[in-house]
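Subject: Structure handover and notes

Dear colleague,

Please find the structure below. My notes on it follow.

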Amino acid sequence: MSLNDMDSPESGNGKFAFPNMGDDPKVISQVSLDSFAETADPIDDGAALTVNVSKKRHLLWLWIVLAVMLLLGVVSGGGYWFFQSHALPGVTLWGKSMTGQSRDHIIQEISDTAGSLTVPVSYEGTSKKVTLKDLGVAIDAAGIADDVMNAKRDDSPLQKYAFWTGKDVDVESFDDSQASAQTVGDMLGVQSVSAINPSLQLNADGTSFDVTPGQQGTGIDVTAVAKEAKNVLESFGKRTAQTVTLENTVTDPAITDDQANEAKASADAWIAKPVAIKIGDHQVAEFDAQAVASAITLESDGEKLSDNQTRKGVLVIDGDKLQQYYNDSIKSNFHTDRVDGDVIVNSVGDVLQTNVDGHDGITVSDGGDTNVGRDAAEAFAKGSDSVSIQGTCDPQNEKKTTRTVVVSLSSHTVTAIENGQTVRVMHMSAGQGNDYQTGQCQPSGDLCTPTYCDPNSYDNCTPDGDFKVWLKYQSQDMSGTLTLSDGNTEKWDVKDVGFVNYFSKTGCAIHRIATQSAFNDSSIQAMGKNTSHGCVGVGWDQAEWFYNWCLMGTTVHVQA
């Protein structure tokens, strides 16, 4: 059936009919679409436009939000990077904002302010302008700038970069007590002598420090000038320097002699208990008296310390100087190969003679001792007894021979002992005041050989009261006069007493018995009495051997 055969819409048969268009398919297609359009539901063009605009608005806001977030990220990242090398928000120095300033800029600003600063002064009608250079004070602009740069760095991230969270760096620009009057006095025609602080010096035997007292100064007192300069400097020039009227006065040292004596007590305690240097549990060296002496100074309480310095009162010990001493005088003596030593000691461990100078085998790890000086300074200040370095140690096996002497007043013998074993026993004659049977000193105390060495009175005593040989002569003329308890006097004058070993600082010695001719060990044994004024006399055939064996510092135990 053709299209022409279809019923028209007017036919009333209920069927859809196309008009008669012939057989042209293009016409059929166009007509079909047009007919479909006429019969389809109409579209609301206004609603479609609203939907499209709404979508565009949503996309626009999305792009805006993304752009803002990107901008905030860029700003935050840039701000973080910027403030790594600049003062943080809210940081001030002496009340002036330093926010965003670089370290170099802060140093320059402090230096420029200090360099241009002058304080007018007046003295007996003469006026001058005084600079910080004239006062002899130095501004640590770099150190102050570092304090500014470090301010707030430990705060939380929110507070660190918050402008509303302030931090004022109120450090002291300089120590006004250290200002010198010399140049200012010269400017005003006044001769000035600066006050001198007391100081400490290690004594000749290295056992303690001596105090050199401080000295007062005379001349212009510039303390008020320095204080005024400090106030102007710390206002960054906002405050105008006021005229300071000067007087010629006596100035005291910044450190008193009492403070110096307190420092001496601390320094003496340090050298009495040196800080040991250890590798693991083994001591390889120590910071001794010379090390302490090289590293200590006296500084007033208000003076700012440098890095690696620490103080105890006015006593300051410098870790850098201890490090230098370690490098020059301690580490330079380390040896990688071990050598076993051989020494002779007394009963309390004092070395009397070194036969072989031994040493440990020590190898220090790279960088293993970099901070030993700093650590030692802290150890001294805190009372610690050791510091550690990293490395390996092959400890020496030191051979020690212990020598001591026992004098028995009741058995009339002198016994030489090595490592607890008797080497030789010699007969002797002791002081006339000692009972021959018991060895006890008579009540009068006259002409006795002493049995106790008081450590509180003499420096050649052991803590237990034994003596140490402190003076030796191969030959000595002995003479003297002694007033006895009954008022009588005892005199003596003996030439060429041989092989003398003083053990008591009251004058008693072990020596060859003072006879005109040879008097040997057996003769003393047969004599049966004490004959000396307090000394211990041994036979002519024993004295030289004993003199050579009994080294300086050998301990002598005297018993009844």
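A charge is taken to sit over a ring if NZ of Lys or CZ of Arg is within 6 Å of the ring centre and within 35 degrees of the ring normal. By that rule K505 lies over the face of W470, at 5.0 Å from the ring centre. K96 lies over the face of F236, also with 5.0 Å to the ring centre.

On the basis of the notes: this is a predicted model, in which local features need pLDDT of at least 70 and side-chain atom pairs count only at pLDDT 80 or more, while totals for chains, interfaces and linings use all residues. Residues are numbered from 1 along each chain as its sequence is written, and side-chain values use heavy atoms, with hydrogens and water left out.

Aromatic pairs

Rings of Phe, Tyr and Trp (its six-membered ring) pair if their centres lie within 6.5 Å; planes under 30 degrees apart are called stacked, over 60 edge-to-face, and the rest tilted. The count comes to 11 aromatic pairs. One of them is the tilted pair of F83 and Y161, with 6.2 Å from centre to centre and 50° between the planes. F83 lies in helix α2 and Y161 in the loop between α6 (157-160) and β5 (167-169), so this pair ties together parts that are 78 residues apart in sequence. Helices (H or I, at least four residues) and strands (E, at least two) are DSSP runs, numbered from the N terminus. F83 is buried at a relative accessible area of 11%, whereas Y161 is partly exposed at 25%. Here buried means under 20% relative accessible area, exposed over 50%, and partly exposed in between (1.4 Å probe, protein chains only). Ring pairs also link F82, F83 and Y161 into a cluster.

Y473 and Y502 form an edge-to-face pair, 6.4 Å centre to centre with 90° between the planes. This pair links distant parts of the chain, 29 residues apart: Y473 is in strand β25 (residues 471-483) and Y502 in strand β26 (residues 489-502). Y473 is partly exposed, with a relative accessible area of 32%, and Y502 is buried at 11%.

Surface patch

L59, L62, W63, V65, L66 and M69 make a nonpolar surface patch of about 640 Å². Patch residues have over 30% relative accessible area and no salt bridge; like charges are joined within 9 Å and nonpolar side chains (Val, Leu, Ile, Met, Phe, Trp, Tyr) within 5 Å. A salt bridge is a side-chain nitrogen of Lys or Arg within 4 Å of a carboxyl oxygen of Asp or Glu. Accessible areas come from the Shrake-Rupley method with a 1.4 Å probe, and for residues only the protein chains shown count as cover. W63 is in helix α2 (residues 45-83) and is exposed, at 59% relative accessible area.

Helix α5

In helix α5 (residues 141-150), the buried residues include A141, G143, I144, A145, V148 and M149. Among the elements that cover the buried residues of α5 are β1 (91-93), α3 (103-116) and β5, contact being heavy atoms within 4.5 Å. After α5 comes K152, with a positive phi near 70°.

Other positive phi values

E124, which is not glycine, has a positive phi near 50°. E124 is in the loop between β3 (118-123) and β4 (126-131) and is exposed, at 69% relative accessibility. H412 also has a positive phi, of about 60°, without being a glycine. H412 lies in the loop between β21 (399-408) and β22 (413-418) and is buried, at 11% relative accessibility.

Regards
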